[in-house]
Amino acid sequence: MKKGKLIVISAPSGTGKTTIIRQILKSFPEIIFSVSATTRIRREDEVEGKHYYFISEEEFKKKIENNEFVEWGKFYDYYYGTYKSIVEDLINQGKSIILEIDVNGALNLKKIYPDAVLIYIVPPSIEELARRLKNRNTEGKSDLQKRVERATMELSFKDEFDYLVENIDLEKALKKTKFLIKNIIKKEI
Ligand code: 5GP
């Protein structure tokens, strides 16, 4: 059977990535979202097993030891990781997967799965990103500062991605991402 495609979408938080992914999943019901594990606290609108598997740091560390993650990273004191079993099972069943992971995770994944397609959603500017994050108001002030610093670091890796999508206008960014994904799953690009 033909293996499924791995599509990675990375972007600093506050770039509209979550909105874009939500729309993509609606438009392409055949694509499955890879649910990561995290030690971060669940936000109010998040659902266990749908957005993340929320686990303790102790459990997370055990899973690292047991080699259960295909890649993992630590940011702002929290761990995030992609389950190897989820990725392997789905691609072996011929299903395409979207992974919403950070830049380092994306580049690490590409080393293991060279055919993975990496898409980076670029914010208009760091200033605009900081403004959006502040409006979103899901993080405390010090977390917000850390997220802005992290975004600056992440942006320096954007050229290592296969495709860049600028999110100045959400509708346009969405259209471009959909176009890319449509072609990726048809394997024209
Ligand atoms: P958030 O806390 O906003 O949900 O996510 C913070 C960062 O962690 C985002 O950049 C998100 O893409 C990244 N992330 C989520 N899941 C994973 C994962 O499994 N692996 C890695 N490396 N990063 C992840």
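## Strand β7 and its neighbours

In β7, Ile32 has Ile97 as its bridge partner. Strand β2 (residues 31–33) pairs with β7 in the parallel sense, over three bridges. Strands here are DSSP runs of E, at least two residues long, and helices are runs of H or I, at least four long; both are numbered from the N terminus. Two strands pair if DSSP finds at least two bridges between them.

This is a predicted model, where local features need pLDDT of at least 70 and side-chain atom pairs count only at pLDDT 80 or more, while totals for chains, interfaces and linings use all residues. Residues are numbered from 1 along each chain as its sequence is written, and side-chain values use heavy atoms, with hydrogens and water left out.

## Strand β1

Four bridges join β1 to β7 (residues 96–100), and the two run parallel. Leu6 stands opposite Ile97. Ile9 has Glu100 as its bridge partner. Strand β8 (residues 117–122) also runs parallel to β1, joined by four bridges. There, Val8 faces Leu118 across the pairing.

## Burial

Buried means under 20% relative accessible area, exposed over 50%, and partly exposed in between (1.4 Å probe, protein chains only). Five of the five residues of β1 (residues 6–10) are buried, so this strand is largely enclosed by the rest of the structure. In a regular strand, side chains alternate between the two faces of the sheet. Both faces of β1 are covered: Leu6, Val8 and Ser10 are buried on one side, Ile7 and Ile9 on the other. For β7, four of the five residues are buried, so β7 too is largely enclosed by the rest of the structure.

## Largest pocket

A pocket is an open set of points on a 1 Å grid over the protein atoms alone, where a 1.4 Å probe fits, with protein on both sides within 12 Å along at least five of seven lines; lining residues have an atom within 4 Å of a point. Volume is the space filled by probe spheres set on the points, which are joined across faces, edges and corners.

The largest pocket has a volume of about 1,100 Å³. Its lining holds 40 residues, with Lys17, Thr18, Arg43, Tyr52 and Glu100 nearest the centre. Helix α1 gives the most to this lining: six residues. By class, the lining has twelve nonpolar, 13 polar and 15 charged residues. Nonpolar covers Ala, Val, Leu, Ile, Met, Phe, Trp, Tyr, Cys and Pro; charged covers Asp, Glu, Lys and Arg; the others, Gly among them, are polar.
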